[in-house]
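Please look over the sequence and the structure shown below before reading on. The notes that follow are grouped by topic.

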Amino acid sequence: MGRKAFVKNIIGKVTVKNRLVRSAAGSGVASKEGYVTDDVRKWYEKVADGGAGLIISEMMTAWDDGNFPENYLRIDDDVYIDGLTSVADIVHKRNSKIIAQIGNYGSLLHWEANKPPVGPSKIKDEISGITAKALSEKEIREIINYFIDAAIRAEKAGFDGVQIHAAHGFLLNKFINPYYNRRNDAYGKDTEGRSKIIVDIHNGISKACGDKFLVLLKINSSDFIDDDYGFKFDESRKVCNYLSSVGFDAIEISSGLAGGKITPARPINEVAYNLEHTKIISEDIQTPVILVGGIRSFDIAEEILSSTSIHSIAMTRALTYEPELIKRWEEEGKVKSKCIACNKCFTTEGQMCVFNIGK
Ligand SMILES: Cc1cc2nc3c(=O)[nH]c(=O)nc-3n(C[C@H](O)[C@H](O)[C@H](O)COP(=O)(O)O)c2cc1C
Ligand code: SF4
């Protein structure tokens with residue numbers, strides 16, 4: 001078997017040293033107000049030392065609506081740029097690239113009682129039970145600008161690009177889901193309309209940032225919910241086909257709802273659980289596709305990269321347990337991750353591996 005995982009990877013105009021990506025993951029060690037701390041720097045240093053070619057940050061809120069947890073990085077104001085610059089420098093010194101994930105929780109979670117979560121329509125979130133405040137067109141345009149401003153900050157901080165978070169039940173996931181988006185204006189009605197907010201964010205960022213600055217998307221292939229409120233594969237396939245024509249530099253395919261029956265991070269017996277859908281989408285579209293979910297062994301990563309048109313493999317938990325795993329794959333080959341997929345790191349309280357905190 002070859003070593004496709006370690007072949008140089010061209011994404012947009014950026015050369016990445018391999019095809020292995022650290023998928024977005026919070027560390028929970030930012031300051032209470034969302035600033036970079038020494039612990040954040042140490043964590044990114046470990047992940048970059050560990051060999052991932054591309055590192056996607058945790059989701060940072062695109063604007064201050066009060067609806068996000070404490071101790072998570074933020075990018076909604078220029079005051080965060082200096083700290084984020086120090087993180088980008090650490091990653092670049094280790095010859096890896098860094099992407100800022102930006103998004104908004106929408107009605108999935110709620111922290112600030114005075115600021116109701118927003119959504120495409122006034123529909124109750126079936127996971128949280130919270131009813132979103134429907135956005136006006138003017139408010140949607142404001143939100144698009146918040147995303148663009150956040151991307152400009154990421155560029156100023158030296159990040160190589162941004163990833164728009166439209167997966168896992170977050171705000172933009174609600175926009176592309178016909179159950180939650182009942183709008184009859186330009187931001188609803190059909191697949192194109194429901195995707196328009198993502199298109200406008202993409203185009204705004206491309207215009208505002210340099211042509212080397214990457215714009216990635218994370219999307220669910222399915223929420224894996226049979227009930228009406230679940231975002232289904234057929235619709236996701238249509239959205240991906242449509243969005244691939246917009247010019248995203250790569251699309252990462254995930255699934256499940258944070259807090260749902262099937263979550264984005266599944267138990268140990270489920271291996272590469274987004275492969276089937278991701279393979280189909282990667283054959284449909286020209287845009288490079290990144291697979292995430294349940295990948296823990298080099299052989300499986302290598303087999304997928306050699307036998308499908310999937311472009312890169314992303315991992316979170318395997319690298320949360322053992323940030324140096326990719327280096328070990330490169331040096332020793334057939335090493336399996338020690339992560340037992342218990343998901344004790346997948347909480348809003350703290351996101352380090354409970355088996356190696358402080359190591
Ligand atoms: C601790 C932790 C934090 C996460 N934070 C994010 C996040 O900020 N944004 C996101 O898109 N996904 C997040 N995820 C989901 C992962 O990016 C990934 O999609 C999921 O864990 C499946 O990949 P894995 O099996 O390699 O862990 C998180 C997952 C974990 C375990
Ligand atoms: S806490 Fe559990 S799921 Fe998370 S990295 Fe550690 S072993 Fe894996």
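Is Ala151 buried or exposed? Ala151 counts as buried because its relative accessibility is 0%, where buried means under 20% relative accessible area, exposed over 50% and partly exposed in between, with a 1.4 Å probe and protein chains only. This is a predicted model, in which local features need pLDDT of at least 70 and side-chain atom pairs count only at pLDDT 80 or more, while totals for chains, interfaces and linings use all residues. Residues are numbered from 1 along each chain as its sequence is written, chains are lettered from A and ligands numbered from 1 in the order in which they are written, and side-chain values use heavy atoms, with hydrogens and water left out.

**Ligand 1**

- Ligand 1 is surrounded by 23 residues, of which Ala24, Gln101, Gly294, Thr316 and Arg317 are the closest; a residue is counted here if one of its heavy atoms lies within 4 Å of the molecule.
- The shell around ligand 1 is made up of 10 nonpolar, 10 polar and three charged residues, where Ala, Val, Leu, Ile, Met, Phe, Trp, Tyr, Cys and Pro count as nonpolar, Asp, Glu, Lys and Arg as charged, and the others, Gly among them, as polar.
- An oxygen atom of ligand 1 lies 3.0 Å from a polar backbone atom of Met59, and a nitrogen atom of ligand 1 is 3.5 Å from a polar backbone atom of Gly26.
- A polar side-chain atom of Arg317 is 2.7 Å from an oxygen atom of ligand 1.
- Of the 610 Å² of accessible area that ligand 1 has on its own, the protein covers 95%, with areas taken from the Shrake-Rupley method with a 1.4 Å probe.

**Ligand 2**

- The residues around ligand 2 include Arg317, Tyr321, Cys339, Cys342, Cys345 and Cys353.
- By class, nine nonpolar, two polar and one charged residues form the shell around ligand 2.

**Buried aspartates in loops**

- Asp185 is found in the loop between helix H4 (171-176) and helix H5 (191-208), helices being DSSP runs of H or I with at least four residues and strands runs of E with at least two, numbered from the N terminus.
- Asp185 counts as buried because its relative accessibility is 18%.
- The side chains of Asp185 and Arg183 are joined by a polar contact of 2.7 Å, a polar contact being a pair of N or O atoms within 3.5 Å; within protein, one must be able to donate a hydrogen and the other to accept it, and residues adjacent in sequence count only if both atoms are side-chain atoms.
- The side chain of Asp185 also reaches the backbone nitrogen of Tyr187 at 3.0 Å.
- Asp65 lies in the loop between strand E4 (54-61) and H2, and Asp65 counts as buried at 10% relative accessibility.
- A polar atom of the side chain of Asp65 lies 3.0 Å from the backbone nitrogen of Asn67.

**Positive phi angles**

- Most residues other than glycine have a negative phi.
- Asn95, in the loop between helix H2 (81-93) and strand E5 (97-103), has a positive phi near 60°.
- Phe224 has a positive phi near 55° and is found in the loop between strand E9 (214-220) and helix H6 (233-244).
- Phe224 is partly exposed, with a relative accessible area of 30%.

**The setting of Ala151**

- Ala151 lies in helix H3, which spans residues 137-156.
- Ala151 and Val162 are 11 residues apart in sequence and 6.3 Å apart in space, C-alpha to C-alpha.
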